[in-house]
Amino acid sequence: MEIRQLQAFVAIAHAGSFTRAARALGVAQPALSQRLRALEVELGVVLVDRGNRTGGLTEAGRDLLARAERILAEVHDAGEEIAAHARLGRGTVRLGCALQTLLEGRLAPLLARFHAAHVGVRIVLSEAHTQQVFELLGRGEVDLGLVHLGRAGDGEIIGAEAAREGVVLLRLHREPLVVIVGTAHRLAARTGVRFDDLHDEDFVTFGPGSTVRRLISEAAAARGVNLRVVCSTANIGTVRAAVSAGLGISIVPASGADVPWPALRAVPLSAPRLERIVTLARSSARYESPAMAALRQALSDDLRALGPSRSVAPRRRAS
């Protein structure tokens with residue numbers, strides 16, 4: 001049973017004649033008659049009384065008409081619903097995000113603007129560390145990922161090796177890491193600190209899987225600096241609260257120190273200069289819906305405006 005056969009039958013029933021039905025569908029009358037005949041042969045019944053030039057329906061035809069109308073209505077609605085995806089009238093995008101500092105500042109308004117422009121598109125946000133976001137992306141549990149890469153001085157970029165093969169990474173923005181301390185701390189009045197100045201400090205840090213924590217740990221080990229971890233958390237707000245209370249110091253992206261917070265000072269860090277690289281990740285193997293493409297472009301345009309960008313190819317894992 002084909003859609004065009006049902007369309008022919010319903011058109012004949014509504015028009016009351018083969019001639020008017022053919023004109024309404026924009027087909028030749030013989031083609032219309034062939035479609036109806038094929039439907040009748042398939043069903044094994046006569047639907048339209050040919051002896052009646054008005055195209056009157058048989059009893060079987062009258063029984064089929066309401067069901068055929070419902071079928072055609074469902075087909076029409078399905079087409080409209082799917083077309084809405086192409087028009088960005090519908091859709092869901094699952095975004096994995098390791099950038100709490102950007103969520104607090106620039107990213108939340110960006111997502112709000114996107115939603116206002118595309119009210120039928122739903123954004124499902126999952127917060128996790130960079131390594132976890134890569135895992136979610138690899139398993140197909142998120143569509144896009146906003147993650148950190150990192151670099152100490154002119155050293156190699158770290159973090160990309162956690163991405164599976166087939167994940168495309170686009171660097172959008174670089175920002176320095178800074179030291180944050182309580183207002184009563186000995187470094188609070190400094191205009192800058194070197195990494196060596198942090199030896200034997202109590203340290204508040206992010207948990208395992210965080211690229212920022214890995215970057216700091218590797219830089220400390222390379223310079224023989226001992227940072228005593230006294231608090232480990234996944235939340236930037238907890239880091240700020242612990243530091244401002246005097247529990248220890250921390251090193252965070254500069255945007256994480258821009259949020260007003262009582263009893264907290266941010267001090268530039270050098271020797272080595274540490275920076276995080278805000279990066280957009282997606283799987284090249286997966287279909288990219290119009291909603292995904294639109295959000296990816298919005299994120300790229302907005303965050304890339306903060307600084308220079310270029311593509312990064314993830315390293316292959318050793319087999």
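Helices are DSSP runs of H or I with at least four residues, and strands are runs of E with at least two, numbered from the N terminus. Keep that in mind as we look around this predicted model, where local features need pLDDT of at least 70, side-chain atom pairs count only at pLDDT 80 or more, and totals for chains, interfaces and linings use all residues. Residues are numbered from 1 along each chain as its sequence is written, and side-chain values use heavy atoms, leaving out hydrogens and water.

| Helix | Residues | Packing of the pair |
|---|---|---|
| α1 | 3–15 | angle of about 110° with α3, axes 8 Å apart |
| α3 | 29–43 | angle of about 110° with α1, axes 8 Å apart |

Axes are lines fitted to C-alpha atoms, for helices over the stretch in contact, and angles run from 0 to 180 degrees between N-to-C directions. The two helices are therefore roughly perpendicular, a label for angles of 65 to 115 degrees (under 35 is roughly parallel, over 145 roughly antiparallel, the rest oblique).

**A residue in α6**

Next comes V133, which sits in helix α6. Is V133 buried or exposed? V133 is buried, at a relative accessible area of 1%; buried means under 20%, exposed over 50% and partly exposed in between (1.4 Å probe, protein chains only). Leaving aside residues up to four places away in sequence, V133 touches several others, including G96, A128 and V147. Its C-alpha atom is separated by 9.7 Å from that of A162, 29 residues apart along the chain.

Technical notes:
Contact = heavy atoms within 4.5 Å.
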